[in-house]
Amino acid sequence: MDSDASVSNAAALVVSPKVQEKLARLGINNEMDLALHLPIRYEDETHVFPIAHAPQGMIVQIEGIIVHNEVVVKPRRQLICRIEDSSGSLCMRLLNFYGSQVKAYAVGKRVRLLGEIRHGFFGAEMVHPKCRIVKENEPLATAMTPVYAMTAGLPQKTLAKLIHQVLRHSKQPGLFDETLPDVIIHRYRLPGFKDSVFTLHHPPPDTQVNLLQSRMHPAWQRIKFDELLAQQLSMRLHYRQRRSRIAPQLNQKHDHGLRIRFLAQLDFSLTMAQEKVIAEISRDLTSEHPMQRLLQGDVGSGKTIVAAIAALQAIENGYQAAIMAPTEILAEQHFQKLSAWFGPLGIQVGWLSGGQKKKDRLSVLAAIESGTAMLAVGTHALFQEQVNFYQLGLAIIDEQHRFGVHQRLALRMKGMQQSGIVPHQLMMSATPIPRTLSMSYFADLDVSIIDELPPGRSPVITKLVADSRRNEVVARIQQACQQGRQVYWVCPLIEESETLQLQTAMETCETLCRIFTDLNVGLVHGRLTAQEKADMMALFKQGNIQLLVATTVIEVGVDVPNASLMVIENAERMGLSQLHQLRGRVGRGANASVCILLYQQPLSSIARKRLKIIFEHTDGFEIARQDLRLRGPGEFLGARQSGVPMLRFADLEQDGALLTAAQSVADEMLNDYPDLAQRHIRRWLGDKTEYLRV
Ligand code: ADP
Ligand code: MG
């Protein structure tokens, strides 16, 4: 790659270290970064409107003479200038201003203002418009004026100048060379890269303003396509790299002895959706290259059984399987369930957790190492140095979103390979990922979706109840318990302080004990030891506890079908996926279930939107789509910390068609134009591809 110096992004910018540091804050480290620092919007200074007839609700330019200039101090200190043209007048108000501005905007000066006209206390006014002193008949701009994202100490003008320098006088030969082959440019009727960049920085006078602003202009389309393509290329390359490694071939036994015996034990049959994903996984496992599959299915869709069947395929072939869960409670529950399923098949299940007694731990480690335990279940304790597998064939990660993004995980998985053989990987997630998002950010995985819930579930009814009416909830709890049902009471999430959260949970528990003297009330929270948590969950599962007070530790995976009522306190503080996960703890049996969301008033506008969504929808995919719309992909994926390069220009909702095109072009480029593909990745991602080297 080093021979390919002509497109190296490394060429340093010729600027002072101070400016360099400021540019770095904008993510600009080289010439191409500057060229791709595209305007966030444009200002139209090509027209002057008469003050009296300027349109409302948009940014307009007006020109007039200052006829009055005054600094007032009430209601707060501000500079007020009245500006007049032949049609009328308006007020310019500056709340922050320099003494020099008071002098500069003297009566008699001619100014051009760019801003939105509103009607305020002083009549028609512009607050903090862009203001320039001009001569009479000063020529108007002939093109739209770009506006760039800025950082402190680096004004628009400086940025614009630096960008201009790169566009006109780059020292790097080939900086703007085309990275797309002609066939693709023609197929999608794309404008050239260089032309597009130049157009967006300096739109020619005849450019259609609305296309420019809405980013639908062909030049924008090209840039967004390139960005999406870079993402696809790097993800697909990553996929291919991992895929080129060697994994154990886990053949499907003709008789499927273990699988058949396993299925015979169940008192239900698999759903079509479960059958479908099992077939996909099963086929992957027979490959000599590692599977990298993400299994998505809404809460309660029955992913555990799918995992169990995949594990059996490994075990049938003499390889071990490991299942990792994000919390002790969930890992413990998996252990219980899988031991009960696998015990009768003569398969020993090893259980590893952080809080285990040393003696137990050592004996489990020995069983895993010798292959006596063919299935290992645990928390991330499974990935520690001392754990040596006899022969690991399949690693399953439950609720993968809780571990962070998959790349990180893959890194940890490295410790699990032996002698160059990589285990197959199955990641499971109950946070449904909208299609466009999974097409882009999960393009380095194969995805299977369980799109159907087991039959006989009655949908959970959601009720929103203001905190002031919490007394009404008491009667409901009493009623549910009288009918032999069980109840979860979820305590508020207090992000600022875990201690405070714990305290609240304990107080809630005391209060509820006092109210429900005839019920057994239990409490689980994050500070309990693994054993204590497990004991409490066992009591609840057996029905010895009717009302379980819990912090959000029960969010993931907990499965107690007899629980049919859930009360969530301060629901307005929780995120949508968390609420959906919590609510998924009920509605697992045949009984109609209810989830009561208690909320504290007043609600912020975002909290109101969240509660409305969770109230109106039960389908996890729909909730995820709305959540994505509400928060944007960065927040949704929690990817900010993960180092996954986020999209700056493309908008997954708006640019679905471009995404589909980029997806199909990526494989074609990697196969037929590998050099161009490399150049393209480097132009767009530079050193940001580092994270992919796992
Ligand atoms: P999740 O996908 O949320 O991990 P689980 O695997 O915990 O869901 O399954 C939820 C519940 O549904 C469990 O009690 C499980 O035994 C049950 N279940 C799974 N598959 C089926 C099925 N095909 N028919 C009926 N019940 C099922
Ligand atoms: Mg689960």
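Where is the place of P602? Select P602 in this predicted model: its place is in the loop between β22 (594–599) and α20 (605–616). The peptide bond that joins Q601 and P602 is cis, with omega about -5 degrees.

From there, move to helix α20. Select E616 and K612, which form a salt bridge with the closest N and O atoms 3.0 Å apart. The two are 4 residues apart in this helix, so about one helical turn separates them. E616 is partly exposed, at a relative accessible area of 46%, and K612 is also partly exposed, at 48%.

Next, select R629 and E653, whose side chains meet in a salt bridge (2.9 Å, N to O). R629 lies in helix α21 (residues 620–637) and E653 in the loop between α21 and α22, so this pair ties together parts that are 24 residues apart in sequence. R629 counts as partly exposed at 47% relative accessibility, while E653 is exposed at 52%. For a linked set, select R41, E43, E45 and K130, which salt bridges with shared partners join into one network.

Now select R236 and D667. Their side chains meet in a salt bridge of 3.8 Å, N to O. R236 belongs to helix α8 (residues 218–243) and D667 to helix α22 (residues 656–672), so the pair ties together parts that are 431 residues apart in sequence. R236 counts as buried, at 17% relative accessibility, whereas D667 is partly exposed, at 26%. The structure holds 27 salt bridges.

Then colour by domain: domain 1 (3–42 + 146–214), domain 2 (47–140), domain 3 (257–450) and domain 4 (460–617). The C-alpha centres of domain 1 and domain 4 are separated by 52 Å.

Back at F176, show its contacts beyond four places in sequence; among them are M32, A35, V166, F193 and R683.

Finish with two asparagines. N137, in the loop between β8 (130–133) and β9 (145–147), has a positive phi of about 60 degrees although it is not a glycine. N570, in the loop between β21 (563–568) and α19 (576–583), has a positive phi of about 45 degrees. Which is N570, buried or exposed? N570 counts as buried at 10% relative accessibility, whereas N137 counts as exposed at 70%.

Technical notes. Residues numbered from 1 in each chain as written. Chains lettered and ligands numbered in written order. Predicted model: local features only at pLDDT ≥ 70, side-chain atom pairs only at ≥ 80, totals over all residues. Heavy atoms only, no water. Buried < 20%, exposed > 50% of the residue type's maximum accessible area, 1.4 Å probe, protein only. Contact = heavy atoms within 4.5 Å. Domains from an automatic or database assignment. Salt bridge = Lys/Arg side-chain N within 4 Å of Asp/Glu carboxyl O.
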